[in-house]
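Thank you all for coming; I would like to take you through one model this morning, going from whole chains down to single residues. Please have the sequence and the structure open while I talk.

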Amino acid sequence: MLDVSRVQKELADCNKDKAISGVSIDLHGGDGDLSHLAGTISGPVGTPYEGGTFRIDVRLPSGYPFEPPKMQFVTKVWHPNISSQNGAICLDILKDQWSPALTLKTALLSLQALLSAPEPDDPQDAVVAQQYLRDYPMFVATARYWTETFAKRASVGIEEKVQKLVEMGFPEALVRSTLDSVNGDENMALEKLCSG
Amino acid sequence: MKRDAGEADGDLSDAAPASSPLRKKPAAEAERQPLPEMVETSNSSANANIVDAVDYEWSCFADDDRMQQPSSIAEDEAAKKPLIGDKEPLSALAEEYQSGSPILLEKIKLLGEQYVALRRARGDGNCFFRCFMFSYLEHILETQDKVEVDRITAKVEECRATLQNLGYTDFTFEDFFSVFLEQLESVSRGACTSASHELLLETSRDQSTSDYVVMFFRFVTAGEIQRRTEFFEPFIVGLSNSTVNQFCKTSVEPMGEESDHVHIIALSDALGVPIRVVYLDRSSCDTGSLSVNHHDFIPDLDTQKEISQSSGSDIGNFSKPFITLLYRPGHYDILYSK
């Protein structure tokens, strides 16, 4: 069984200094489900991710905190240790090096540190890693472009987009989840909502 | 669900050479030449999403393949044995080596002069901590030694303070501390009957309770190592070439990480509990006379003084461990002396 009281303490602990730490975590949906959370990381200063806000899908298995949280980037990101396709993350503490001594906050901070210090020799995305090693300036340009395209647009004015789509007659929860799935692209969300 | 994924992993890993650095990546992704301009139109971004859907499962499996497949085999094997086994006569050990090394058989015979029985622990990387847990709680259950219970309770509070001083957040360790203290309370509450013994065995075999106590010991061990960094540093550098802090993060705190002499020294010191480890291996000396080596891990002198003062006995008395573990390379079990 999921240790509910611990998760609640973790949420409070993580969010109390989010302005300083640059990481935060909230419930994913409004239904109070503590096993599905949404984390955010602000891109570290001095990296191609600077200025971006990266959203992380966090799922807690029933064995948490003995089993690691399952984390995946929702915001598309160009990084050797994160899949540019599906956001899967290659980080030891999310796998065999997880320990109950770690927390959601330390895990998110580790992801933030990973953005600052890629490990191309242990890649999740071989293409990105190869580019990082062979053509570093191109890597930086691409990573910065992806940050501009995906990590900024999604976080700006999401509420306006929700409102607009809700006014068109779609249920709010569906609008939010659809916007989520297309990284906040309003047109694609509308297309998806219409095609049902 | 998990097992199904594991089997699918197996198929994929068979198809890809283990040495290929691209093994984890779906072919479609490897062939893509991603440049900034490729994603400029929303059209190609939509295409990328279609590729996502197709690739998604593939890459999940490939990733799991690397991380989970080997461990799931080990887990399946281990799960067949209870976390803590029944008491077995020492002859059961001899049977295991019937067609094996004569040195080992001879050593088992020698063990029989001092020890009568053993109790096995599951080989899941936590065996040292689990053996220590059972052995210690069983000792308290059988002796009902209130002085020892008070002493260790005070020690546990010191360990709690150590972790707080090191900057650990309370909620990361408090649950594990309370489960251990509950277990201690439960075994020191009354006489040792067959029912209370059965209960101890039951809780030690319960995955959740047992893992909470193991994790408690891992916290205590990590705290002690970091509290006395200077003392432990040379051992750790020799063992793993990492810093004390890294060592705790990677080799002490994660469940399933095996224990070495560093862990034993730290746990024994932190709780002030001496531990004897008897080594059953193929080593022999040239003089022809075979002997079974053992090492007593005795808590550091300060702790010893504290203990002998509180119990009124002298240091010499104290240094006889009541916990004896049998070590075979890579694994610990519990030994019972005559």
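This is a predicted model: local features need pLDDT of at least 70, side-chain atom pairs count only at pLDDT 80 or more; totals for chains, interfaces and linings use all residues.

The secondary structure of chain B comes to 15 helices and 6 strands. If we take the contacts in chain B between residues at least 6 apart in sequence, 76% of them join residues at least 24 apart. The accessible surface of chain B is about 16500 Å², and 52% of that area belongs to carbon and sulfur atoms.

Now to chain A, which has 8 helices and 4 strands, arranged along the sequence in the pattern α-α-β-β-β-β-α-α-α-α-α-α. The radius of gyration of chain A is 17 Å, close to the 16 Å that the globule rule gives for 196 residues, so chain A is as compact as a globular protein of that length. Along the principal axes, the C-alpha trace of chain A spans about 50 × 45 × 30 Å.

For burial in chain A, the share is 55% of its 196 residues, and among contacts between residues at least 6 apart in sequence, 52% join residues at least 24 apart. Chain A exposes about 8600 Å², with carbon and sulfur atoms supplying 54% of it. As for charge, chain A carries 18 positive and 26 negative side chains, and the centres of these two sets lie 1 Å apart.

Chain A is also divided into domain 1, residues 4-151, and domain 2, residues 158-195. The centres of these two domains of chain A, taken over C-alpha atoms, are separated by 24 Å.

Leu2(A) is found in the segment before helix H1 (4-15) of chain A. Is Leu2(A) buried or exposed? Its relative accessibility is 16%, and because the cut-off for buried is under 20%, Leu2(A) counts as buried. Which residues does Leu2(A) touch, once we set aside those up to four places away in sequence? They are Val7(A), Leu34(A), Ser35(A), Leu60(A), Pro61(A), Ser62(A) and Tyr64(A). One of these, Leu34(A), lies 32 residues away along the chain, and its C-alpha atom is separated from that of Leu2(A) by 8.6 Å.

With a relative accessible area of 13%, Thr162(B) is buried, and, leaving aside neighbours within four places in sequence, Thr162(B) is in contact with Gly223(B) and Arg227(B).

Finally, please find helix H13 of chain B, residues 261-271, which is mostly covered, with 10 of its 11 residues buried. The buried residues of H13(B) run through Val262(B), His263(B), Ile264(B), Ile265(B), Ala266(B), Leu267(B), Ser268(B), Asp269(B), Ala270(B) and Leu271(B).

How values were computed: Residues are numbered from 1 along each chain as its sequence is written. Chains are lettered from A and ligands numbered from 1 in the order in which they are written. Side-chain values use heavy atoms; hydrogens and water are left out. Helices (H or I, at least four residues) and strands (E, at least two) are DSSP runs, numbered from the N terminus. The radius of gyration is taken over C-alpha atoms; the globule rule is 2.2 Å times the number of residues to the power 0.38. Buried means under 20% relative accessible area, exposed over 50%, partly exposed in between (1.4 Å probe, protein chains only). Contact means heavy atoms within 4.5 Å. Accessible areas come from the Shrake-Rupley method with a 1.4 Å probe; for residues, only the protein chains shown count as cover. Lys and Arg count as positive and Asp and Glu as negative; His and the chain ends are not counted. The place of a charge is taken as NZ of Lys, CZ of Arg, CG of Asp or CD of Glu. Domain bounds come from an automatic or database domain assignment.
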